[in-house]
Amino acid sequence: MPDVAQADRARTEGLRAGTVGAGTVGADKVGADKVRGDRMRAGWANAVTNPILILGAPRSGTTWLAKIIDSHPDVLYRHEPDETLPSPAVVTPESLPALLRSWIADRTPRSVAKRPFFAKSWQPAPGRWLRTAWAGAAGLSSRLPVPFSVLGHLPIPDLAIHPPPRVALKSVRWTQGAPVLARAMPDSRILFILRHPCGQVASVMRGNRQNRFDLRTEGTDMPFDEERAIRHAAAFGVDEPSFQALPDAGKYAWSWRAFNEPADAALAGLPNVLIVPYEALCAAPMAESRRVMAFVDLAWNRQTEDFIARSTTHDGDAGYYAIFRNAVAAAGRWRTTMPEADQRAVRHVVMASPLARYWPDLAAASPAAG
């Protein structure tokens, strides 16, 4: 949208300065510009009404799923725009369109420079090359001392020649707004990804040991919202002293429940919401991705197929935030790397969760299974 606004202002200033021309040719030019401007504005307005939201807890496969969606040529992707432009605590159907527009308009490197980049129907090839180089330069500049580091925070333009047919947004925190979006905009699509709690907890604990996260609560060494986890545990009869007495893996498991259970309950039964089990996506990435693409009304395409093939067969060591990895191995790595005591602590907390039904090893141990 900022690109459209800038173009409109440029055209207006050109008319005022008399640089467009005169007579019939000038009138034709003005008319053509107006038609193009109207189409651009209508295109961006339509993109706000049918966004794709990829939602999930941190370290649940959200980025990989988001990049599968981003690999479609018709999609414009924003990576966690609510990190730079936080959502208000209360989201209403009336306030939702303005919030979505602000996220779509966010062109800060944090939101638009997540690799890999893909060829787009709405962006010419030279624009993609320039944008890729721009993003690379921004990444390098951000690591330089002041004042050069300021260059790494400048907006990166989309260089779109027409509005993208679809917009995708990824978030690891917007659980309170997702149900509002689903109900207020029935043409929207929400993909809610769930990862086995042992896998998610093992990954977050490993990242915390490597100091990859900012601590969410001052005075603790936990990277999650501990107050929310304590409140959620209290609702199931676990008071704060009992919570604090748990091993760390048990506390992390309550954080998993505190994020996923309310979101699942709020989104359950809505026709424009799809639950995506991370392990199913890893086990059959092509089949699951076809199911996901069909659900969000995006046609299957060669670029997506190639990306899935490349992102699931990596043989070398994968970095902590890497998208390219051995998918099957990644899904089950926790079974051999997570200490048995931590696995037991997580299972003890989550076996009573209604979400245990998604994993046979947890469902078999849950009270409901008895």
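Two strands are taken to pair if DSSP finds at least two bridges between them, and on that basis Leu191 has Leu274 in S5 as its bridge partner. The structure is a predicted model, in which local features need pLDDT of at least 70 and side-chain atom pairs count only at pLDDT 80 or more, whereas totals for chains, interfaces and linings use all residues. Residues are numbered from 1 along each chain as its sequence is written, and side-chain values use heavy atoms, with hydrogens and water left out. The protein has 19 helices and five strands, these being DSSP runs numbered from the N terminus, with helices (H or I) of at least four residues and strands (E) of at least two.

**Overall figures**

- Of the 370 residues of the protein, 48% count as buried, where buried means under 20% relative accessible area, exposed means over 50%, and partly exposed lies in between (1.4 Å probe, protein chains only).
- Among contacts with a separation of 6 or more, 74% come from residues 24 or more positions apart, a contact being heavy atoms within 4.5 Å.
- The protein exposes about 17400 Å², of which carbon and sulfur atoms supply 59%; accessible areas come from the Shrake-Rupley method with a 1.4 Å probe, and for residues only the protein chains shown count as cover.

**The sheet and strand S5**

- The five strands form an open sheet in the order S2-S3-S1-S4-S5, with parallel pairing, and its edge strands, S2 (75-79) and S5 (273-277), each pair on one side only.
- Neighbouring strands of this sheet are turned by 20° against each other on average, direction ignored; axes are lines fitted to C-alpha atoms, for helices over the stretch in contact, and angles run from 0 to 180 degrees between N-to-C directions.
- Strand S4 (residues 189-194) pairs with S5 in the parallel sense over five bridges, and Leu194 stands opposite Pro277 in S5.
- In a regular strand the side chains alternate between the two faces of the sheet. In S5, Val273, Ile275 and Pro277 point one way while Leu274 and Val276 point the other way, and all are buried.
- Five of the five residues of S5 are buried, so this strand is largely enclosed by the rest of the structure.

**Helix H14**

- Helix H14 (residues 285-295) lies across S4 and S5 and runs at about 165° to S5.
- The buried residues in H14 include Pro285, Glu288, Ser289, Val292, Met293 and Phe295. Seen down the axis of H14, its buried residues fall within an arc of 160°, so they line one face of the helix; the arc is that of the directions from the helix axis to the C-beta atoms.
- The cover over the buried residues of H14 includes H3, S4, S5, helix H13 (278-283) and helix H15 (302-311).
- Asp297, which follows H14, has a positive phi near 65°.

- In H18, Asp342, Gln343, Ala345, Val346, Val349 and Val350 are buried. Viewed down the axis of H18, its buried residues fall within an arc of 160°, so they line one face of the helix.
- The face of H18 turned away from its buried side carries the exposed residues Arg344 and His348, whereas the buried residues of H18 pack against helix H9 (197-209), helix H12 (248-267), helix H17 (334-337) and H19.
- Leu355 is found in the loop between helix H18 (340-350) and helix H19 (360-363), and is buried with a relative accessible area of 0%.
- Not counting residues up to four places away in sequence, Leu355 touches Leu194, Trp256, Asn260, Glu261 and Asp264; the C-alpha atoms of Leu355 and Asp264, 91 residues apart along the chain, are separated by 8.3 Å.

**The loop between S1 and H3**

- Ser60 lies in the loop between strand S1 (52-55) and helix H3 (62-70), and is buried with a relative accessible area of 1%.
- A polar atom of the side chain of Ser60 lies 3.0 Å from the backbone oxygen of Ala57.
- Ser60 touches Ile193, Arg195, Gln200 and Tyr278, not counting residues up to four places away in sequence.
- Arg59 lies in the loop between S1 and H3, and has a positive phi of about 65° although it is not a glycine.

**Other backbone features**

- Most residues other than glycine have a negative phi, and most peptide bonds are trans.
- Glu80, in the loop between S2 and helix H4 (81-84), has a positive phi near 50°.
- The peptide bond from Arg115 to Pro116 is cis, with omega near 0°, and Pro116 lies in the loop between helix H6 (109-112) and helix H7 (125-141).

Note on methods
A polar contact is a pair of N or O atoms within 3.5 Å; within protein, one must be able to donate a hydrogen and the other to accept it, and residues adjacent in sequence count only if both atoms are side-chain atoms.
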